[in-house]
Amino acid sequence: FPSHDTGLNGDGPKYLTYHDGTPWGKAFYARNFEQVTDTVVIVEDILSAIRVAKLPKTTAVACMSSGLMQFHVNHVASRGFRRILIFLDNDTADVLRSVRIMQRKFALLCKAEIGIITADRDPKEHHTRELMQLIWGKES
């Protein structure tokens, strides 16, 4: 997890990223990943992943930026999810381009239904009922 560190003289990096030596690196955080679920939702931050993973039958992956490395895409695609949903901010053209690239990468690697969720707020800012509607098309 990122931690705040301004250095002794205030000239150090503002944030340092936790890295435990695994190949996941700093760009990947998964919640419920080892459980068998139908749906994985790719979000932009850890708090959104925690929020989404509280929903039934849902795995969440935080990409910690607006894209996943190919290694991460391969790993998610190999898990056999029925649906892969990409739920990232849609506020810049760069993010929208990243979402489309991610969508194409998944389409080449697996037979899952691949969708894009657009909303006015991050998943962490939605109530459970709203998330259920966005992800499952129904209320809790």
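## Strand β4

Strand β4 (residues 39-43) is mostly covered, with five of its five residues buried. Buried stands for a relative accessible area under 20%, exposed for over 50%, and partly exposed for the range in between, with a 1.4 Å probe and protein chains only. Helices (H or I, at least four residues) and strands (E, at least two) are DSSP runs numbered from the N terminus. On one side of β4 lie Thr39, Val41 and Val43, on the other Val40 and Ile42, and all are buried, so that both faces are covered. In a regular strand, side chains alternate between the two faces of the sheet.

This is a predicted model: local features need pLDDT of at least 70, side-chain atom pairs count only at pLDDT 80 or more, and totals for chains, interfaces and linings use all residues. Residues are numbered from 1 along each chain as its sequence is written, and side-chain values use heavy atoms, with hydrogens and water left out.

## Partners of β4

β4 pairs with strand β5 (residues 58-62) in the parallel sense over five bridges; pairing requires that DSSP finds at least two bridges between two strands. Val43 stands opposite Ala62 in β5. Between β4 and β5 the chain passes through helix α1 (residues 46-53), and this β-α-β crossover is right-handed. Right-handed here means that, with the strands pointing away from the viewer, the path from the first strand over the helix to the second runs clockwise.

β4 is also joined to strand β6 (residues 83-86), by four bridges, and these two strands run parallel. The bridge partner of Thr39 in β6 is Arg83.

## The sheet and its helices

Five strands form an open sheet of mixed pairing, in the order β3-β5-β4-β6-β7. β3 (29-31) and β7 (113-116) stand at the edges with a single partner strand each, so one side of each has no neighbour in the sheet. Neighbouring strands of this sheet are turned by 20 degrees against each other on average, direction ignored. β3 and β5 run antiparallel and are joined by three bridges, with Ala30 opposite Val61 in β5.

α1 packs on the sheet and touches β3, β4 and β5; its direction makes about 175 degrees with that of β5. Helix α4 (residues 128-136) lies across β4, β5 and β6, running at about 120 degrees to β6. Axes are lines fitted to C-alpha atoms, for helices over the stretch in contact, and angles run from 0 to 180 degrees between N-to-C directions. Contact means heavy atoms within 4.5 Å.

## Nonpolar cores

A nonpolar core is a set of buried Ala, Val, Leu, Ile, Met, Phe, Trp, Tyr and Cys residues joined through side-chain atoms within 4.5 Å. The largest has 20 residues, of which Ile42, Leu68, Ile84 and Phe106 touch the most other members. β4, α2 (70-77), β6 and α3 (93-109) each supply at least two residues of this core, and α3 gives the most, with four residues.

Neighbours within four places in sequence aside, the contacts of Ile42 include Val61, Cys63, Leu68, Ile84, Met102 and Phe106. A second, separate core of 16 residues includes Ala53, Leu85, Ile117 and Leu131.

## Whole chain

The protein chain has four helices and seven strands, which run β-β-β-β-α-β-α-β-α-β-α from the N terminus on. Buried residues make up 37% of its 140 residues.
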